[in-house]
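I opened a notebook for this structure and wrote down what I looked up, entry by entry. The entries follow the order in which I went through them.

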Amino acid sequence: YFYIFVIHTFFFFHVDFIIKSYIHVNRKMKYKFKTKPYAHQLTALENSWHKEEFAYFMEMGTGKTKVLIDNLAMLYDKGKVDGALIIAPKGVVGTWYNQELPNHLADHIENVTVLWQANINKKQQEKLDQLFKTGHELHILVMNVEALSTDKGKLFAAKFLRSHKSMLAIDESTTIKNPKAKRTKNILSLGDICKYRRIMTGSPVTRNPLDLYSQCEFLNPRLLQFTSYYAFRNRYAEMKTIHVHGRSVNVVHKFQNLKELSETLKPFSYRVLKQDCLDLPEKVYIKREISLSPEQKKLYEQMKKQAIAVLNGKQVTSVTVLTQLMRLQQITCGHFTADDGSIQPIKNNRLAELLDVLEEVEGKVIIWGHYQEDVKNIVNILTEKYGPGSVVSYYGLTPQEERQKNIKRFQANNGVRFLVGTPQTGGYGITLTEANTVIYYSNGYDLEKRMQSEDRAHRIGQKKTVTYVDIIAQDTVDEKIVKSLRKKINIASEVMGEELRDWI
């Protein structure tokens, strides 16, 4: 009887402790979400919301942006912060400002949100001035990470942080992995000003574990327990000396003690992969925005005027309409076909954005391009960066006898990470379920081809959520093409005459 009494007492005490702990956590996290969180997002918040420094190592498509916004709102509700500086890559600052914050920041939180622009006019200055007016609103400043490479951007960011009880968050924190870069040094100095610091990335180690040092130093120099990058490197990497062009250079030979490093990260980070999130939807859609280069802008405006001239007072066919769209979109992709049939390259930001996206994702990736020129450029740059064995192609210029071999290599060979193709050629009848990330470098106008190409990865045999990333040139036909395709509108049959005028 005594033993039974002890067991019962222990059991009920243990259950009571669990219930009280659960209630305590719930009370601490009492917060009215604007959009319902998934289970893994709640776990991330429970682990992090009250901590001064934290790392969200969450794979693209798992919703780390929403977690950060909810975390910020909780701290604001508790009176811990009244300002936040969000630093993000070029491709996502617009998404933060136009989409993520409006979609996820709780309705009861009044806020003043401003997107930093390098060229400050009178209207922009008025917006920036609102960030320093006293009131009860939450002040949010969104800045492109490149702005922190400049003294102007750094000084304004420092002024903002000093004027508020602030949080500083870095989206895609691998942008500060280089400890010698000016923007890394500037951002590290900003971290000393604010009480709450967050980093977010789907892939904290893009080249090697040494990339973690600067990211964690931003959070708190004491977290990794090393006083310098070189001490950290000596613990987790074995170096060797090689001779290049008569110079001796130290390079990483192999890594060591990585289990220890993983354990060191756990108290201040949360790691999640899509394969761990059983509650995610089957498909997740993400936009990455780029701006046109000056050369592209000039050509785009010229082509736009010509397209409008074709429409004025004339009856046009669908072929004419799509030709005008194609010419405009070619310019956004970084090339155009001259009258003599030659393809002329245009300086652009699209390939750089693609490489940034690839640093954020893990596993195999399908990359679709609408034009053969796109595919050739992508294959060349991936071969140069990741090695010739890392990429296979599937488009019009891929020899017929190699196409099936390339599919088998992509599905079965761990060394082949990328398949690059066109939806016209590779979008039908093939299975590419080893990938759970699909990137549309450029889109076509045909809804059927888009849907078919999406389903190369999302079909029987796929056991993970598939993330689709569209690279979009701001303020161009790119935006309307992607918007229409996501609404399941077949542009090839819908856009005619005056509708084209609205598009361009």
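Axes are lines fitted to C-alpha atoms, for helices over the stretch in contact, and angles run from 0 to 180 degrees between N-to-C directions. Helices (H or I, at least four residues) and strands (E, at least two) are DSSP runs, numbered from the N terminus.

I also noted that the model is predicted, that local features need pLDDT of at least 70 and side-chain atom pairs pLDDT 80 or more, and that totals for chains, interfaces and linings use all residues. Residues are numbered from 1 along each chain as its sequence is written, and side-chain values use heavy atoms, with hydrogens and water left out.

**Entry: α6 and α7**

I looked up helix α6 (residues 151–162) and helix α7 (residues 182–191), which pack at an angle of about 15° with axes 10 Å apart. The two helices are therefore roughly parallel to each other. I recorded a right-handed crossing where α6 passes α7; a crossing is left-handed if the near helix is turned anticlockwise from the far one by less than a right angle, and right-handed if clockwise.

For contact I used heavy atoms within 4.5 Å. On the α6 side I found Asp 151, Lys 154, Ala 157, Ala 158 and Leu 161, and they meet Lys 182, Asn 186, Ser 189 and Leu 190 of α7. The residues of this contact divide into 4 nonpolar, 2 polar and 3 charged. In this count Ala, Val, Leu, Ile, Met, Phe, Trp, Tyr, Cys and Pro are nonpolar, Asp, Glu, Lys and Arg are charged, and the others, Gly among them, are polar.

**Entry: α3 and α4**

Next I took helix α3 (residues 64–77) and helix α4 (residues 90–104), whose axes come within 9 Å and cross at roughly 60°. That angle makes α3 oblique to α4. Their crossing is right-handed. I listed Thr 65, Lys 66, Leu 68, Ile 69 and Asp 70 from α3, with Trp 96, Glu 100, Leu 101 and His 104 from α4, as the residues that make the contact. They divide into 4 nonpolar, 2 polar and 3 charged.

**Entry: α13 and α14**

Helix α13 (residues 350–360) and helix α14 (residues 372–386) have axes that come within 11 Å and cross at roughly 50°. I therefore put them down as oblique to each other. α13 passes α14 in a right-handed crossing. Leu 351, Leu 354, Leu 355, Leu 358 and Glu 359 of α13 meet a set in α14 that includes Ile 378, Ile 381 and Leu 382. I noted 8 nonpolar, 1 polar and 2 charged residues in the contact of α13 with α14.

**Entry: the sheet**

In what order do the strands of the open sheet run? I read 7 strands as β3-β4-β2-β5-β6-β1-β9, with parallel pairing. The edge strands are β3 (111–115) and β9 (269–272), and each pairs on one side only. Two strands pair if DSSP finds at least two bridges between them. The twist averages 15° from one strand to the next.

Between β2 (residues 83–88) and β5 (residues 166–171), which run parallel, I found 5 bridges. Ile 86 has Ala 169 in β5 as its bridge partner.

Helix α2 (residues 39–48) lies across β1 (53–58), β6 (196–200) and β9, at about 160° to β1. Helix α5 (residues 122–130) lies across β3 and β4 (138–144), at about 140° to β3.

**Entry: single residues**

His 370 sits in the loop between β13 (364–368) and α14. I counted His 370 as buried, at 17% relative accessibility; buried means under 20% relative accessible area, exposed over 50%, partly exposed in between (1.4 Å probe, protein chains only). Leaving aside neighbours within four places in sequence, His 370 has contacts that include Gln 329, Thr 422 and Tyr 445.

Asn 257 is not a glycine, yet I found a positive phi of about 55° for it. Asn 257 lies in the loop between β8 (247–255) and α10 (258–265) and counts as partly exposed at 32% relative accessibility.

Terms used. Angles under 35 degrees count as roughly parallel, over 145 as roughly antiparallel, 65 to 115 as roughly perpendicular and the rest as oblique.
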